[in-house]
Amino acid sequence: MNETRFDKAYFDAGISRVGTNCEKWDGMREEHGDPDMIPMWVADMDFPSPPAIREALAGVLDWGTWGYTQSGAEDAKALCVYWERRHGVAIDPENVCMSPCVVTGLRLAVRALTKPGDGVLINPPVYGPFFASIRANGRKIVESPLVQGEDGVWRMHAAEMEEKLASGEAKAVMLCSPHNPCGRAWTREELSAVAAMCEKHDVPLIVDEIHADFVYAPGEHHSILTIEGAVERSVMLCAASKTFNVAGLQQSAIVCKNARMLEAIKREMDAAGVKSGNAFALAATRAAYTGCDAWLDGLKAYLMDNRDFAAAYLAEHMPKVRVTPLGATYLMWLDCRALGLEQKTLMERLLAAHVKVNDGLFFGEQGRGFVRLNIGCPRAARRRAGAHEGRIGLTCRAKGPLRQADFDAGERAAAGGGEVG
């Protein structure tokens with residue numbers, strides 16, 4: 001049997017997800033009623049998951065019965081070996097607690113490590129569930145917004161973060177690393193600065209590292225578990241779901257080297273009845289961590305080309321849209337403020353062009369004028385929705401490539417009293 005080559009042709013082929021109750025495709029069509037719409041929003045990809053995962057799932061299917069399943073030592077060991085191999089992080093299996101998803105982990109950590117009414121510091125624009133994880137559990141959101149430099153790169157405002165911790169306004173820090181949606185792979189120096197202030201003010205650090213596998217050269221991922229001063233006060237959340245496109249199986253991990261903190265999180269899990277032992281999810285995750293490196297290496301190369309393709313396309317056809325430098329994730333953060341459109345109009349204009357992206361306001365008020373674009377999809381032309389043919393990129397099948405004129409013409413119509421659309 002010929003070994004599969006995870007090259008450009010493999011990822012160009014993609015996979016059809018229509019009719020699988022896929023939120024990205026089927027949910028979008030149900031919401032908007034537009035069979036021509038191209039989904040470039042929710043963060044999962046339109047590529048087949050690795051063959052090793054499919055084989056593992058087939059093996060579980062062959063059991064013929066699927067009773068209560070426990071996560072065992074082999075599950076934690078697979079994660080530990082993977083993180084050391086791919087990211088140089090030494091983790092003991094005793095430091096690992098399985099959970100359904102990273103967002104569950106965020107909420108559990110907030111409940112376990114803070115008290116009702118406490119402030120939790122975040123750096124917007126940031127992944128929407130950060131806000132909800134704090135607010136829904138009776139804690140206060142304390143914002144220290146990222147600051148965008150002239151080079152387009154977003155950075156933390158360390159002095160402001162320090163002030164909010166020193167004043168007692170914030171009793172914990174929640175960090176997205178790599179950052180979603182700003183595409184930052186934080187440097188070791190940046191993370192060390194955060195760790196130092198958390199140590200100084202004796203507050204826990206909750207870090208979502210679900211995008212760790214998508215840091216592009218020459219950058220590298222620095223786990224919080226490798227940062228001096230952070231290890232004994234940090235909770236690191238990770239999963240194979242984003243990397244290997246298995247989010248629907250619901251499996252993640254909470255990693256914490258502080259036994260007291262980890263035990264507090266486990267108590268919250270017990271109190272809420274949170275369990276993690278899905279037979280299919282555990283098998284898929286073990287396979288992801290032990291047999292899919294070649295697939296991941298090919299995927300990263302393809303995504304880097306996608307990033308460059310999308311940036312070049314936007315520069316040529318939509319020069320008013322500023323692309324945030326993408327050092328990590330497969331999610332491009334686009335600054336559309338120069339288009340001069342209200343956020344609602346911007347989103348309406350994109351939907352009218354048959355393109356669905358994430359509204360920047362999902363990531364906080366700092367996302368006003370921005371959208372997030374998912375580039376985890378095939379570039380090659382492929383036939384969809386009957387006879388129509390679409391291109392991956394900012395395109396729409398019914399009207400051709402989306403261009404600056406699509407926005408400027410609408411703006412002129414609005415200025416003259418015509419309908420916006």
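**Aromatic cluster**

I began with the rings: Phe6, Tyr10, Phe11, Phe47, Tyr82, Phe244, Tyr289, Trp295 and Tyr302 are linked into a cluster by ring pairs. I worked on a predicted model, where local features need pLDDT of at least 70, side-chain atom pairs count only at pLDDT 80 or more, and totals for chains, interfaces and linings use all residues. I number residues from 1 along each chain as its sequence is written, and I take side-chain values from heavy atoms, with hydrogens and water left out.

For a pair, I took rings of Phe, Tyr and Trp (its six-membered ring) with centres within 6.5 Å; planes under 30 degrees apart are stacked, over 60 edge-to-face, and the rest tilted. My search of the whole structure gave 17 aromatic pairs. I looked up Phe11 and Tyr302: their ring centres are 5.6 Å apart and their planes stand at 35°, so I noted the pair as tilted. Phe11 is in helix H1 (residues 8-13) and Tyr302 in helix H12 (residues 293-317), so this pair ties together parts 291 residues apart in sequence. I read helices (H or I, at least four residues) and strands (E, at least two) as DSSP runs, numbered from the N terminus.

My cut-offs: buried is under 20% relative accessible area, exposed over 50%, partly exposed in between (1.4 Å probe, protein chains only).

Next I took Phe244 and Trp295, a tilted aromatic pair with 5.8 Å centre to centre and 35° between the planes. Phe244 belongs to helix H9 (residues 241-244) and Trp295 to helix H12, so the pair ties together parts 51 residues apart in sequence. Phe244 is buried at 0% relative accessibility. Trp295 is buried at 1%.

**Charges over rings**

I then looked for charges over rings (NZ of Lys or CZ of Arg within 6 Å of the ring centre and within 35 degrees of the ring normal). The charged end of Arg379 sits over the ring of Tyr302, 4.7 Å from its centre. Lys356 lies over the face of Trp41, at 4.7 Å from the ring centre.

**Salt bridges**

How many salt bridges does a search of the whole structure find? I got 20 salt bridges, each a side-chain nitrogen of Lys or Arg within 4 Å of a carboxyl oxygen of Asp or Glu. Arg17 and Asp44 meet through their side chains at 3.0 Å, N to O. Arg17 is in the loop between H1 and helix H2 (23-32), and Asp44 in the loop between strand S1 (38-39) and H3, so the bridge ties together parts 27 residues apart in sequence. Both residues are buried. I also found a network of salt bridges that links Arg17, Lys24, Asp44 and Asp46.

Asp75 forms a salt bridge with Arg286, with the closest N and O atoms 2.7 Å apart. Asp75 lies in helix H4 (residues 73-87) and Arg286 in helix H11 (residues 279-291), so parts 211 residues apart in sequence are tied together. Asp75 is buried at 6% relative accessible area. Arg286 counts as partly exposed at 22%.

I checked Asp293 with Arg85 as well: the closest N and O atoms of this salt bridge are 2.9 Å apart. Asp293 is in helix H12 and Arg85 in helix H4, 208 residues apart. Arg85 is partly exposed, at 40% relative accessible area.

**Around Ala170**

I found Ala170 in the loop between helix H7 (158-166) and strand S7 (172-176). Ala170 is buried, with a relative accessible area of 2%. Leaving out residues up to four places away in sequence, Ala170 touches Gly119, Leu121, Val142, Lys164, Leu165 and Val203. I call it contact when heavy atoms are within 4.5 Å.

**Helix H13**

In helix H13 (residues 343-352) I noted Gln343, Thr345, Leu346, Met347, Arg349 and Leu350 as buried. Just after H13, His354 takes a positive phi of about 70°.

**Whole chain**

The protein chain has 14 helices and 19 strands. Of its 421 residues, 54% count as buried. Among contacts between residues at least 6 apart in sequence, 73% join residues at least 24 apart.
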